[in-house]
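Hello,

Here is the structure I promised to pass on to you. My notes follow below it.

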Amino acid sequence: MSELKVTPMRPRTQSDNSSSGTGVAERDERDRIDTTELREEHEQRQQEQQKHIEVIDNETLLRMLYQMVLIRRFEEKAAEAYTLGKIGGFCHLYIGQEAVAVGSLSALRSDDYAMTSYRDHGHALAMGTSPDEVMAELFGRAAGCSKGKGGSMHLFDADKHFLGGHAIVGGQIPLATGVAFATKYRGTDQVTLCYFGEAAVNQGAFHESLNMAQLWKLPCVYVCENNQYGMGTSLKRAMSLSDVSQKACGYGMAAEFVDGMDVLAVRAATERAVARARKDGSPSLLEVRTYRFMGHSMSDPGHYRTRAEIERYQERDPVKVFGGSLREKGVLDDAGLKEIEDRVHAEVERAVKFADTSPEPAPEELYTDIYATPIKK
């Protein structure tokens with residue numbers, strides 16, 4: 001395993017997993033926290049972030065902040081549209097996890113590939129898919145990036161090398177492994193990023209894929225977006241070894257544990273993993289510890305978490321912390337931040353209008369995009 005280059009949020013230890021209490025007892029335990037210790041940890045992480053800022057050009061930093069604000073406001077508007085009945089089916093929001101997609105995807109080239117699970121709005125936007133097309137897809141309209149036939153969980157944009165959101169838990173992991181195999185077979189130095197939640201780690205496909213990737217030296221970076229809950233079940237109630245990064249030891253694979261609330265820590269760890277992949281095809285596993293501020297989906301009331309627990313993580317809101325760090329380093333001022341918010345607001349409002357006025361898919365679209373060789377009438 002590779003040596004950690006940053007000190008992330010403190011990972012759980014084996015002793016943390018030994019409790020056998022039930023829901024309420026566990027929540028009470030999580031809500032007991034030393035506020036002084038928490039404040040010191042926050043200050044340490046902000047100092048680490050500001051060190052990263054010094055070695056990245058302002059254009060890149062501002063673009064990353066813009067993407068994070070765009071994802072946050074887009075998801076808030078998607079939640080509003082869902083409550084109005086304009087979005088049907090399931091809708092899994094990315095609020096709180098913006099630093100993961102933006103930080104990691106900023107380390108890729110335009111010809112690299114990415115695929116993820118059903119919580120995919122943020123990844124599509126960070127890959128460059130138009131907010132108009134993403135919102136139209138959520139609305140089930142023909143102008144959507146998947147022609148209105150995929151919806152929230154199945155955003156695809158082949159032109160941007162974004163190979164989709166996948167609804168089956170862990171189903172995208174062997175697919176991403178196959179994409180990495182294909183790029184190696186063709187002799188390119190393209191890299192594939194594969195995102196999944198910590199609950200997918202318990203699927204056999206995860207272990208089979210990592211074993212194959214390490215055995216065949218496939219240029220794939222496996223990014224576990226560990227938001228600490230599989231639907232409504234706490235990680236420590238579902239996984240005997242809850243430090244996901246340690247699971248790479250079983251395959252001799254490089255791994256890092258990363259603070260997923262710090263966009264620049266995520267970027268730095270991904271850059272190291274991508275460099276390994278381009279050099280000799282070595283795969284990596286990144287456990288990016290993050291936290292979703294919303295429920296598992298829009299239909300989740302979230303009774304398994306206390307308000308105090310959520311507020312504790314909101315203190316490290318990745319969008320606010322990054323914006324604050326850029327202000328402190330003089331990269332932008334309050335007027336610059338307002339300009340970003342205004343641009344994002346206009347873009348999101350335009351996306352909603354575009355989705356609202358786009359037509360629904362024609363009935364004959366039921367018979368397209370099914371087989372490689374289209375059905376003949």
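**The second largest pocket**

The second largest pocket holds about 310 Å³ of space. (A pocket is an open set of points on a 1 Å grid over the protein atoms alone, where a 1.4 Å probe fits, with protein on both sides within 12 Å along at least five of seven lines; lining residues have an atom within 4 Å of a point.) Of its 22 lining residues, Ser-117, Tyr-118, Gly-197, Glu-198 and Ala-199 are the closest to the centre. β3 (192–197) and β5 (229–230) each give two or more residues to the lining; strands here are DSSP E runs of at least two residues, and helices H or I runs of at least four, numbered from the N terminus.

Please keep in mind that this is a predicted model: local features need pLDDT of at least 70, side-chain atom pairs count only at pLDDT 80 or more, and totals for chains, interfaces and linings use all residues. Residues are numbered from 1 along each chain as its sequence is written, and side-chain values use heavy atoms, with hydrogens and water left out.

**Strand β1**

β1 (residues 113–116) pairs with β3 in the parallel sense over three bridges (pairing takes at least two DSSP bridges). Met-115 stands opposite Cys-194 in β3. β1 also pairs in the parallel sense with β2 (residues 162–165), over two bridges, and there Thr-116 has Gly-165 as its bridge partner.

**Around helix α9**

Just after α9 (residues 263–280), Gly-281 takes a positive phi of about 80°.

Best wishes

Key
The expected span of a helix is 1.5 Å times one less than its number of residues. Grid points are joined across faces, edges and corners, and a volume is the space filled by probe spheres set on the points.
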